[in-house]
Amino acid sequence: MNESHNQRGDVPELSAEEIQARVLHRDGLMLVIDKPAGLPVHRGPKGGANLETSFDALRFGLPRPPVLAHRLDRDTSGCLVLGRHRKATASLGLLFKHGRVSKTYWAVVEGGPAEDEGTIDMPLGRLNAERGWWQKPDPEGQSAVTNWRVLGRGDGVTWLALEPVTGRTHQLRVHCAASGWPIVGDNIYGTGPRFGEPSLHLHAREIVVPLSKNKPPVRVVAPAPPHLHERLKACGWNGE
């Protein structure tokens, strides 16, 4: 048993070769990597495996490792943007802050909406102080808006494209659950188990970053991870 695995089913840290193999895009300003599910981006208060530890392998000749430009939940896979130097990271931070980066997530949800597309406009607030990051629908909370459309339907599950207009913590997970179709494997807001399968079926599929004024935006797509394949296929996914 690998020591960096624990009962939460965490993924071990990536070797230099493993994280380099996950680079989806690289230019002078930024990298986009395909984050594996189950690995937190940051070192937590208790330590443990995380993605940042491996960033030194992503310098590609620059003096410093790249820096996170935004976050993804530990259990979410897919497109994660890193700034390669201070100025680039600052520019990326502003683009994310002002909603200029467009993101599309793939999710498989339990049940599913009756319609084929729509918008969820539902403010979110903290569930309580003890639970830190956990959120709940809260009319007095911060505004949170998600556009969604159905990509396919299966037996008891639906494959959705989710586009967060705002970037609140756990926004997509809470919005889906509060709409009556929680994300498969969501062990906070849905019916997912604490350990084992199914794990969270949420994947940052595509990101579009308008970083250079005189070049078209960079568009990056992350392949669907293995733990989504079975249910995506049940919804008519063709493997692309």
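I start with Gly141, which is in the loop between strand S8, residues 135–137, and S9. Its relative accessibility is 26%, so Gly141 counts as partly exposed. Leaving out residues up to four places away in sequence, Gly141 touches Pro123, Leu124 and Gly125. Met122 is 19 residues from Gly141 along the chain, and the two C-alpha atoms are 8.9 Å apart.

Before going further, a word on confidence. This is a predicted model. Mean pLDDT for the chain is 93, with 96% of the residues at 70 or more. Residues 1–8 are below 50, and that stretch has 10 contacts in the model beyond near neighbours in sequence. Where pLDDT is low, the predicted coordinates should not be read in detail.

Next, helix H2. Which residues of H2 are buried? They are Ala88, Thr89, Leu92, Leu95 and Phe96. Looking down the axis of H2, the buried residues fall within an arc of 120°, so they line one face of the helix. Arg86, Lys87 and Lys97, on the other side of H2, are exposed.

What do the buried residues of H2 pack against? The partners are strands S2 (30–35), S3 (67–68), S4 (77–83), S5 (102–110) and S11 (202–209). Just after H2 comes Gly99, with a positive phi of about 70°.

Now the aromatic residues. A pair of aromatic rings is described by the distance of the centres and the angle of the planes. The count here is 2 aromatic pairs. One is Trp106 with Trp159, which is edge-to-face, at 5.0 Å centre to centre and 80° between the planes. Trp106 is in strand S5 and Trp159 in strand S10, residues 157–164, so this pair ties together parts that are 53 residues apart in sequence. Trp106 has a relative accessible area of 9% and is buried. Trp159 counts as buried too, at 8% relative accessibility.

The other pair is Trp148 with Trp181: the ring centres are 5.5 Å apart and the planes are at 65°, so this pair is edge-to-face. Trp148 belongs to strand S9, residues 145–153, while Trp181 is in the loop between helix H3 (171–178) and S11, so parts 33 residues apart in sequence are tied together. Both Trp148 and Trp181 are buried.

The charged end of Arg71 sits over the ring of Trp133, 5.1 Å from the ring centre. The charged end of Arg26 sits over the ring of Phe60, and there the distance to the centre is 4.0 Å.

Phi of Phe60 is near 45°, which is positive in a residue other than glycine. Phe60 is in the loop between S2 and S3, and at 30% relative accessibility it counts as partly exposed.

His170 is also not a glycine, and has a positive phi of about 60°. Where is His170? It lies in the loop between S10 and H3. Is His170 buried or exposed? At 10% relative accessibility, His170 counts as buried.

Staying with the backbone, there is a cis peptide bond between Glu197 and Pro198, with omega at about -10°. Pro198 is in the loop between H3 and S11.

What is Thr76 in contact with, leaving aside neighbours within four places in sequence? Its contacts are Lys35, Pro36, Ala37, Tyr105, Leu200, Leu202, His203 and Ala204.

To recap, the buried residues of H2 line one face of the helix, and the tryptophan pairs Trp106 with Trp159 and Trp148 with Trp181 are edge-to-face. When you look at residues 1–8, keep in mind that their pLDDT is below 50. That is what I had.

Key:
Residues numbered from 1 in each chain as written. Predicted model: local features only at pLDDT ≥ 70, side-chain atom pairs only at ≥ 80, totals over all residues. Heavy atoms only, no water. pLDDT = per-residue confidence, 0-100. Contact = heavy atoms within 4.5 Å. Buried < 20%, exposed > 50% of the residue type's maximum accessible area, 1.4 Å probe, protein only. Helix = DSSP H or I, 4+ residues; strand = E, 2+ residues; numbered from the N terminus. Arc of directions from axis to C-beta. Phe/Tyr/Trp six-rings, centres within 6.5 Å; stacked < 30°, edge-to-face > 60°. Lys NZ or Arg CZ within 6 Å of the ring centre and 35° of its normal.
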